[in-house]
Amino acid sequence: MARQVFSMPARMALGAALSVAAATLLVGLLAIAGLGALERDLDGADQPATRAALGAAARDRTALRVGAIGVALALVAGALAWRQGRRYGRRIHAIIGTTEAFVAGRPIERARDHGGDELGVLAGSVDFMTDHLATVVARARERAMREAELEVIRAIQGAILPATPEIERPGLQLAGALRSTSVGGGDVWSVHALDGHRTMVVIGGASGHGVEAVLVTAAAKSACDAIRTARGAATTPAEVLEAMNAAVFQHARKRQVMTCFVSIVDLERRVVVHANAGHPFAYLLRGVGDGEFRALTSRGNRLGEVREARYETAEADLAPGDTLIWYTGGILACEGSEGEALGEKRFRAAIRRAVGPDAASWRDRVISECLLYYGAIPPKEDITMVIGRLT
Amino acid sequence: MGKSDSTALAWRIKERPGFTTVEFTGEIDENADFSELRRQLKGAVVFNLGDVRRINSCGVREWVNFVRDLPEVGELTFTHCSPAIITQLNMIYNFRGAASVRSFFAPYICDSCNREEEKLLDVATHFPNGEIDRVPSFSCEKCGEPMEFDDLPERYLSFLTEA
């Protein structure tokens, strides 16, 4: 755009001054012309009285003409100035309207002034600024909504997760952890004392992320609590899953599903009884270091997939010093720097390497090993695991 | 298929005498749309699942809905099941629908030279009675030493015990 020699206010003042000067010049010329005509009339008059009368009349006429023309010229100059001012005023109002709409949060109508002068440049700058600010505000709103959603997720998780991540039961030391992703996942774990020697451990994860996933989890957890309260010490893993399935099926209406693994550690019978709703098999590690891994295999429909779900129940013997490891699929699915998921094999190796003196330190070390594998890539899934050591 | 990247799910249909083979490749996720394939399948059908490298939870839902609603298919067989497919077969009752599993890949490792390999196991040949306490043995093609089954047999092979 060509650079302007005069600024807009200077041009307005210059225009007005030129109008007044032109008017004054015209009035002067007319007055001179009127006086010339008077002199000619006087030269032609014979009598002094006649000359005097003619002179007075001619002066009056000239004064009237000059006055009329002056007024007309002033009106024209005023009209021109008013028109110019109105044009500029309209453009300025358009710019002010854009900024006011932005400040008031109304839909922004861009100034759209394509004039080549400073006002046009100013309007273009305002349009650019409002566009930029609108993008910034939209991002801030999005971030605020995400933060608000995360607050809701944290509140729900706070209500459904154990009050403390380390739980001591007679003969069983439990330590769990849930590390949520930045968008919040639908993982959950819980521990229920059924009686003096039986402890139920529940771990699961809803598909997807965000509030919807957490609400599915909350519905399932509520059903779990309800059946455990109703059945007390007689609770079985399969009936817990059936109750949870009914809740998720009702709540999510097939839009979402959840996997879940329910175990009852019975230290009187020295067995772990379990049922599975499409969840990765829990591990039983007999001995530490080079100890032998066993998978707790049981199979069933994922929660919420079908109304009439089937859950088989299985059990495995326990021995003093055994360790049980429950986890969710996210821990296996998260990828390392090479783009390869952690997987079962690396996870088992991490468990072996991370053996700690107690369940809590073992859990922390396993998670550290996994995070080391993921490297700089932030986990896309929740990282959830529970370690149970028979003491 | 919608996605154009190399991980997108794709399939190739091959007509054979008396049956149809469908070879799947890529990842099964929420973008998987089997509606067109469903309409094309009838009679005896074999799914070759050797190149399905990943399947996420939404993909499982799409797959389960697909295999349980194949009205024109009389007999369904899975062959060359990849480890990703085996993982789901192990955990989820209805993942196979009415299909039988004919063959699958299993992880093996050579402790001598650390060579890892997925071996194709035939269900009828290697597990004639559905018992999983013995796994087939192989020799390493690199060093000749015996290879070991590189997973927990009761975990990886549990789908063979499904009633």
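Modeller: Here is a quick chat about chain A and its surface patches.

Modeller: This is a predicted model, where local features need pLDDT of at least 70, side-chain atom pairs count only at pLDDT 80 or more, and totals for chains, interfaces and linings use all residues. Residues are numbered from 1 along each chain as its sequence is written, chains are lettered from A and ligands numbered from 1 in the order in which they are written, and side-chain values use heavy atoms, without hydrogens and water.

Colleague: How many helices and strands in chain A?

Modeller: Eight helices and 11 strands. Those are DSSP runs: H or I of at least four residues, E of at least two.

Colleague: What share of chain A is buried?

Modeller: 43% of its 391 residues. Buried means under 20% relative accessible area, exposed over 50%, partly exposed in between (1.4 Å probe, protein chains only).

Colleague: Which residues make the nonpolar surface patch?

Modeller: Leu25(A), Leu26(A) and Leu29(A), with about 290 Å². Nonpolar side chains are joined within 5 Å, like charges within 9 Å.

Colleague: Where is Leu25(A)?

Modeller: In helix α1, residues 8-44. Leu25(A) counts as exposed because its relative accessible area is 56%.

Colleague: Switching to charge. Which residues form the positive patch?

Modeller: Arg253(A), Lys254(A), Arg307(A) and Arg68(B).

Colleague: And where does Lys254(A) lie?

Modeller: In the loop between α5 (237-252) and β5 (258-266) of chain A. Lys254(A) is partly exposed, at 43% relative accessibility.

Notes: Patch = residues over 30% accessible without salt bridge, like charges linked within 9 Å, V, L, I, M, F, W, Y side chains within 5 Å. Areas by Shrake-Rupley, 256 points an atom, 1.4 Å probe, with all protein chains shown as cover. Salt bridge = Lys/Arg side-chain N within 4 Å of Asp/Glu carboxyl O. Lys, Arg positive; Asp, Glu negative; His and termini not counted. Charge placed at Lys NZ, Arg CZ, Asp CG, Glu CD.
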